[in-house]
Amino acid sequence: MITLTQAVRKDKVGTNLTEGPIMRGLLLFAIPIVLTNLVQQLYSMVDLIVIGQYVGNIGTVGVNTGGEMADLVTPVAMGFSTAGQIYIAQLFGAKADRKIKQTVGTLLSFMMMISVALVFAAFFFHRTILELLNCPPEAMGQAANYMMITALGYPFIFGYNAVCGILRGMGESKRPLYFILVAATVNIVLDILLVVVFHLEAAGTAIATTASQMGAFIAAFLFMWKKRERFDFELKLSYLKLDREILWILVRLGIPQVVRSMFVRFGMLWVNSSANAYGLVVSATNSVGNKLQKFLEVFIQGIDTASASMIGQNLGARKTERAGKTTICTVTAAMVCAAFSACLCIFFPHQIFGIFTNDEAVIDLGATFLRIFILHFFASSVTGSFQAMVTGCGFVELGFFLGLLDGVICKIGLSLLFMSVFHMGYIGIWWGVACSRILPGCICVGYYVSGRWKMRKLLTD
């Protein structure tokens, strides 16, 4: 009988990341992930480009503020997807084929259940959420339309992320790129058609976004169905049965990931709400700047995602020293990416912001925003790299604490410090966010240097 691991290797669905040169293996695995994140951010930015050029600042603020709920939902999907990725990576390294199959079914069922609950929450509480965000009254209608329409795409967001987590845990990073290319194509075509041609404003952008998420999920599902023998995948209720032991592991791994992301998002909600209170120009600058920050950090995040899988597989295979060296390679690659992003912010800030808006006041203020966030890029490269090590070894407690520290204590605390003590206004908000990852990074480095991560009990034990 051919085992799952043998089938995966034979048909090249997945990669053994426990052998070969570390930096080469990391980069080859990371490049498709980086490209996937890049395409995802690009087609997300198309929304702002189209809405900014054809609707104006009100549309820009409406899409950005209305998208805050989706920005909260996505980390939930990614948190549990990462939990599945790390557990599957350790199982793959340990060659625990039967457990992989059970984990896939449990993860898919669990993710769908959460997504449905969040759809209802968005529909019933969208107005309250927008009011808490201090959404400008003139943009309230656009934001409400955007939030309710995009809520219909939550199940597709969770389904897509679940499949990608499964594949990346098994060392497969190319297929998610193909899935997201489908989404990007659908999004761009519908954005132009619905906003430029049919003038549906923020609602048109929301429809395009939801349709693109559906396209990505369908592509991912069809891949799993086509290769079902290699995953032991069956379209049966028995396959999707929740395994209590595995569900507990996913919950134990996923909740700290989700809460950490929620802390970060909560901090950003406070930041965005505070920036919105300074008027439409500052709000529009902050809206575009947030998109650009995410875009410029996709390179670092892609490498960190690859690193977590690589570390997980090596720990599952009991190759602790190789896992440690992977972290050092990750820092090196991430710092190079941060330097590239910094150069763009130093030499081309006006040109970059000019892509999204024709408002000269927003463009001038945007140059200041980007130069402040240079510090954030370098801090993220260090923090993210060592946090990938924390994630890969399954240290959920530290991940939870880092999320609280980064998302709430540092983001809000430092922003208030710069605003109130140094009287820097909205500029102080941006400086607070830029500096927020320095202390978490120092803690992650200290944990790595201490070597305690080598003594942690593995999830597969």
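Start by selecting Gly403, which lies in helix 18; helices here are DSSP runs of H or I with at least four residues, and strands are runs of E with at least two, numbered from the N terminus. This is a predicted model, in which local features need pLDDT of at least 70 and side-chain atom pairs count only at pLDDT 80 or more, while totals for chains, interfaces and linings use all residues. Residues are numbered from 1 along each chain as its sequence is written, and side-chain values use heavy atoms, with hydrogens and water left out.

Gly403 counts as buried, at 1% relative accessibility. Buried means under 20% relative accessible area, exposed means over 50%, and partly exposed is in between, with a 1.4 Å probe and protein chains only. Show the surroundings of Gly403: not counting residues up to four places away in sequence, it touches Arg260, Phe263, Val264 and Val408. Contact here means heavy atoms within 4.5 Å.

Leu405 is buried, with 5% relative accessibility. Leaving aside neighbours within four places in sequence, Leu405 is in contact with Cys410, Leu439, Pro440 and Ile443.

**A salt-bridge network at Asp406**

Which residues do salt bridges join to Asp406 in one network? Select Asp406 and Lys411 to begin: their side chains meet in a salt bridge, 3.0 Å from N to O. A salt bridge is a side-chain nitrogen of Lys or Arg within 4 Å of a carboxyl oxygen of Asp or Glu. Asp406 is buried at 6% relative accessibility, and Lys411 is buried at 3%.

Arg437 forms a salt bridge with Asp406, and the closest N and O atoms are 3.1 Å apart. Arg437 lies in the loop between helix 19 (425–435) and helix 20, and Asp406 lies in helix 18, so the pair ties together parts that are 31 residues apart in sequence. Arg437 and Asp406 are both buried. Salt bridges with shared partners join Asp406, Lys411 and Arg437 into one network.

The structure holds 4 salt bridges. Another one to select is Arg175 with Glu172, whose side chains meet at 3.0 Å, N to O. Glu172 is buried, at 4% relative accessibility.

**Helix 17 against helix 20**

Select residues 374–392 (helix 17) and 438–450 (helix 20). Two packed helices are described by the angle between their axes and the distance between the axes. Helix 17 and helix 20 pack at an angle of about 35°, with their axes 8 Å apart. The axes are lines fitted to C-alpha atoms, for helices over the stretch in contact, and angles run from 0 to 180 degrees between N-to-C directions. Helix 17 passes helix 20 in a left-handed crossing, meaning that the near helix is turned anticlockwise from the far one by less than a right angle.

To see the interface, show side chains. Residues of helix 17 including Leu375, Val382, Phe386 and Val390 meet residues of helix 20 including Ile438, Cys444, Tyr447 and Tyr448.

Select Ser212 in helix 9 (residues 201–226). Ser212 is buried at 0% relative accessibility. Not counting residues up to four places away in sequence, Ser212 touches Tyr43, Ala183, Val186 and Asn187.

Move to Tyr154 in helix 7 (residues 154–169). Tyr154 is buried, with a relative accessible area of 0%. Beyond four places in sequence, the residues that Tyr154 touches include Met69, Val73, Leu118 and Met147.

Select Val116, Phe120, Phe123, Phe124, Phe125 and Leu152, which form a nonpolar patch on the surface with about 650 Å² of accessible area together. Patches are made of residues with over 30% relative accessible area and no salt bridge, joining like charges within 9 Å and nonpolar side chains (Val, Leu, Ile, Met, Phe, Trp, Tyr) within 5 Å. Accessible areas come from the Shrake-Rupley method with a 1.4 Å probe, and for residues only the protein chains shown count as cover. Phe124 is in helix 5 (residues 97–132) and is exposed, with a relative accessible area of 64%.

Finish with two loop residues. His199, in the loop between helix 8 (174–197) and helix 9, has a positive phi of about 55° although it is not a glycine. His199 is exposed, at 59% relative accessibility. Arg318, in the loop between helix 13 (298–316) and helix 14 (320–347), has a positive phi near 65°.
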